[in-house]
Amino acid sequence: MSDIFVPGPVIAPRRRRSQLNWLLTVLPAFPLMLLVLRLWYLSRQDLPTMLLLVQYINPLGMVSALFITLSWAVPAVILTLRVLGGILLVSKPEDAGRSPISIAALRMPDWVVLIAIMIAAFTWQLRLLPTLELMIVAVLGLTAVQRLRAEPWLMRWITLGVPVLTGALVLIFVWPGVVAAVRGGDYGTALMLAVPPLLGPLFTGPVPARWARLVTHWPAVGAALALPIVIGVTFLRAPVLPSSAIEVGPAGEPAREVIRGQLIAVDDTSTTMLQPGGEVIFIPNGEVQSKTLCPEPVNPPESAVAVRGWAVEESVLEWIAPTRKVTEIDPRCLGRPRDRAGE
């Protein structure tokens, strides 16, 4: 008879461990499902087109696009589990072996948390960095409560002094952005910049035991339900093929037309293009007069707020990394042939 039918207090922990094992088994299939859905979305739900894309698209390019687009999600999951699980561990230690989030927090190595913090520091937008500061001081305080047996004054400094001091420094840095956001009516950005530094001391210690599961499990369940949807929507809009424009026409004559779309492949006989409507065009190589890469359209920023010259929608990598500035748009990207008068 299976263990789940054996009476006794060990049923629930074994059942929960079994469910957790199933979750860990299914979880690696999620990135593969995202890649397949991206191709299905790109092909406009046309199976032959999707099979053509599968044949020609480099899997490394798809994985690279997935990593670049969703690099923020991995540290978000790790840090959320560590904070919520840590709060449950210090608030209700008897649930340490019965809650999946407390088990995950208890078994999570410190080096994993450190790497997650470093990735988040470079990939999260500026308006999310105060939340990252909140998570960092929460992890430090909860870890001290769980592991240290230090003097009371030292514990008060770690759980109260460090969060207050760090929050004050962060608030001083982002205060110009808070003022600009309030003046511009962008109250959401103002709250994201100003509120997390004030909440540090509330996340470094236990909560009442009767409320522990409520304030940890329900936020974890909500995040678990919302995160796949957010990740899916974000990745489905990420470019995985280069946007190109091709001049087509007989050799030695003016271009007949300019075909714009996403370049799929180039072989010995033809160039394969995917147009915005989902149609696939095979252009004979003898009719290809020129090609060019077209820049991706840049969406206008949701917020015009900047903190000391740093736009709130930019991450550290976007702020310090060199970027290619487009000063002039190639006429072929606008659907017009090149002006060959000067050639």
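Mentor: Contact means heavy atoms within 4.5 Å of each other. Helices (H or I, at least four residues) and strands (E, at least two) are DSSP runs, numbered from the N terminus. The model is predicted, so local features need pLDDT of at least 70 and side-chain atom pairs count only at pLDDT 80 or more, while totals for chains, interfaces and linings use all residues. Residues are numbered from 1 along each chain as its sequence is written, and side-chain values use heavy atoms, with hydrogens and water left out.

Trainee: In which order do the strands of the open sheet stand?

Mentor: Two strands pair if DSSP finds at least two bridges between them. The open sheet has five strands with antiparallel pairing, and its order is E4-E3-E2-E1-E5.

Trainee: Which strands have one side left without a neighbour in the sheet?

Mentor: A strand at the edge has a single partner strand, so one of its sides has no neighbour in the sheet. The strands in that position are E4 (280-284) and E5 (288-293).

Trainee: How many bridges join strand E1 to E2?

Mentor: Strand E1 covers residues 243-248 and runs antiparallel to E2. The number of bridges joining E1 to E2 is six.

Trainee: How many residues lie between E2 and E3 in their hairpin?

Mentor: Strand E2 (residues 257-266) pairs with strand E3 (residues 270-274) over four bridges, in the antiparallel sense. Gln 262 stands opposite Leu 274, and Ala 265 opposite Thr 272. The residues between E2 and E3 number three.

Trainee: What angle does the direction of helix H3 make with that of E2?

Mentor: Axes are lines fitted to C-alpha atoms, for helices over the stretch in contact, and angles run from 0 to 180 degrees between N-to-C directions. Helix H3 (residues 47-56) packs on the sheet and touches E2, E3 and E4. Its angle with E2 is about 60°.

Trainee: Within what arc do the buried residues of H7 fall?

Mentor: Buried means under 20% relative accessible area, exposed over 50%, and partly exposed in between (1.4 Å probe, protein chains only). In H7 the buried residues are Val 112, Val 113, Ala 116, Ile 117 and Ala 120. They line one face of the helix, because the arc, taken over the directions from the helix axis to the C-beta atoms, is 135°.
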